[in-house]
Amino acid sequence: MAPKKRVTPMFDTSLNVVKKRLTAYLKKAASGFNFTQYDFEEKAELFKQSVGRAATDLDELFQGSLRMRLLEEFLQDSGIPGRARIAAFILLNSPHIHSLSFGHFTEEYYVSLTRLMTVSAEQLVVLSCRWIWLKDKSLEVFIKTIPQMHNLKQLYVPYIGTDQLLAAVGRSCHGLELLDLSGASGLTDQGAKSLYRYEVGGEYWRTDLCNSLKYLFIGGPGGNRLPSGCVAQLLVNLPQIISLGSFQQTAKAIEQAEKSRGGKRNSVTFRLQYVHQIDVQQESLESVLRTCPQLKTLFLDTPSSSWLDVLRRPSSADGSLPNISKFKTNKISAEEILSYLKIAGKYTRQLEMVNCKGSLDVSLISDFSPYLVSLEVYYSERCCHLSSINLQHLTKLIIYSTSVSGTLTEELLMVCKCLVHVTVQSANTLNTQKLERIYEEGGLQQIEELALLEAQLLDYHALLFLIEYLPLVKLIGKLEGWSLSNEEVKSMKRKVKEENYDLVLWFNLPGYVELNIDAIEM
């Protein structure tokens, strides 16, 4: 049967009690303080003095990881009033905090947050400003704090990157391994250069990032993207880079970087493992395969017609084909994808296709890529199977907003006994008897998420069978597309609650595929 909800650990229960009581106390204690004005440091000190004994007790009882955990609860929980969260930051912040990650705050508190960062700046290892988009005064204060962050390993500042911020990071964050600048609109070529060099007395010195930076995320929605020529120089001067995130001209940048190093005659190599390119041309793709021996993931978005010819050719002197474990495509035909898999599919472990035209034969995919562990198809024309399927290693299956022919879903559930996550557009041949037969043959038993969006023959008895027999299942749906009345759904929800199952019955929430399962509430 579906797993029961675990008993909440005593530690979590106790921490939640402390959080609730401290929140109630801080709401009252901070009610007379305005933490949004220019004299924040003075107000913060007056607040600490006003709570006297409470501050002392927190210092005595909460240290180390426990203190960081409690502080994180306040910084992440946007349901607590902003003033109380700032008050908690004032009391719990310390020079020994190693990680800060902020949830959503209203803009009026940005300056206060950046001023409080200075307290823990020197020991910070991870800093995430993903949900606070600093600007103007708050961004100015933040940039002035960066020189204290000598121990920082990961910095997440999407949408707020500027040339001044990059200059501060390049000069001060000596061991930084990850820098997230996704969606930034204020970056220029000159600012990007400050990541790998800085000027001293008229001379340029290399930054320590040249030896440490591995992940530089410069893609993402919005922003004015850096030109490929600028990114090429980043690749040349930051040789440890593994990923540029979703930067859509990565292949072009690699081609230009190779040329700046003397071209293919010099056997230039880069450490990139992820490449994303829109409208990739033959020369760029050839450069990628030639210079990126560690390439693991290739995302081709609307490529030129020559892409398949390039990937058919050996990528190295020993005559081996590209060893790409994850292949992702957008607007490539089913015929071309199958042609690629026929020659290089034995290396493919993850296959993701968006806007795939034509009929995608899953049985051929299984013939060409028998070791596939993840198969994802979105907004495509049709998936079918013309012969038997052999995908014994498949753990993740998504066929979304795509026509599913015949008994394909039934066959996949029967054959792929390692499936854990399943989202399929339709399963209209499945009924309770067939589910039972699949289960008896060893299928379904590893399933944690089962989302069959259209399953007209699955009724109350099928749902009851899944709940009672699947030992790991935590989500079942989309019940709106099943043969269930509203009363039957309500009845089953009551049963799930009464039996304390750790299970979500998904009825009709849109956008399931794009959402984190943990965030879904029924």
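# Reading the labels on a predicted model

Visitor: Why is R69 called partly exposed?

Guide: R69 has a relative accessible area of 30%. Buried means under 20% relative accessible area, exposed means over 50%, and partly exposed is in between (1.4 Å probe, protein chains only). The value of 30% lies between these limits, so R69 is partly exposed.

Visitor: What kind of model is this, and which parts of it count?

Guide: The model is predicted: local features need pLDDT of at least 70, side-chain atom pairs count only at pLDDT 80 or more, and totals for chains, interfaces and linings use all residues. Residues are numbered from 1 along each chain as its sequence is written, and side-chain values use heavy atoms, with hydrogens and water left out.

Visitor: What makes the pair R69 and E73 a salt bridge?

Guide: A salt bridge is a side-chain nitrogen of Lys or Arg within 4 Å of a carboxyl oxygen of Asp or Glu. In this pair the closest N and O atoms are 3.5 Å apart, so the distance meets the rule. By this rule the count comes to 22 salt bridges.

Visitor: Where do R69 and E73 lie?

Guide: Both are in helix α4 (residues 64–76), 4 residues apart, which is about one turn of the helix. Helices are DSSP runs (H or I, at least four residues), strands are DSSP runs too (E, at least two), and they are numbered from the N terminus. An α-helix has 3.6 residues a turn, so residues three or four places apart point the same way.

Visitor: Why does E73 count as partly exposed?

Guide: Its relative accessibility is 25%. That value is neither under the limit for buried nor over the limit for exposed, so E73 falls in between.

Visitor: How do you know that K326 and E352 form a salt bridge?

Guide: The distance from N to O is 3.9 Å, which is within the limit, so the pair counts. K326 lies in strand β10 (residues 326–330) and E352 in strand β11 (residues 350–354), so the pair ties together parts that are 26 residues apart in sequence.

Visitor: Is E352 buried or exposed?

Guide: E352 is buried, because its 10% relative accessibility is under the limit. K326 has a relative accessible area of 22%, so K326 is partly exposed.

Visitor: What makes D502 and K474 a salt bridge?

Guide: Their closest N and O atoms are 3.8 Å apart, so this pair also meets the rule. D502 lies in the loop between α20 (486–498) and β20 (504–505), and K474 in the loop between α19 (460–469) and β19 (475–477), so the pair ties together parts that are 28 residues apart in sequence. D502 has a relative accessibility of 27% and counts as partly exposed. At 40%, K474 counts as partly exposed.

Visitor: Why is S369 called buried?

Guide: Its relative accessible area is 0%, which is under the limit, so S369 is buried. S369 is found in the loop between α16 (362–368) and β13 (374–378). Leaving aside residues up to four places away in sequence, S369 touches L341, G345, T348 and L391; such a contact means heavy atoms within 4.5 Å.

Visitor: Which residues of α19 are buried?

Guide: They are A462, L463, F465, L466 and I467. The buried residues of α19 pack against α18 (432–440), β18 (449–452), β19, α20 and β20.

Visitor: What is the order of the open sheet of 5 strands?

Guide: The order is β1-β2-β3-β4-β7, with parallel pairing. β1 (99–101) and β7 (215–217) are the edge strands, as each pairs on one side only.

Visitor: What makes β12 and β16 edge strands in the sheet of 3 strands?

Guide: That open sheet has the order β12-β14-β16, and the pairing is parallel. β12 (359–361) and β16 (403–404) each have a single partner strand, so one side of each is left without a neighbour in the sheet. R382 has S403 as its bridge partner in β16.

Terms used: Pairing = 2+ DSSP bridges.
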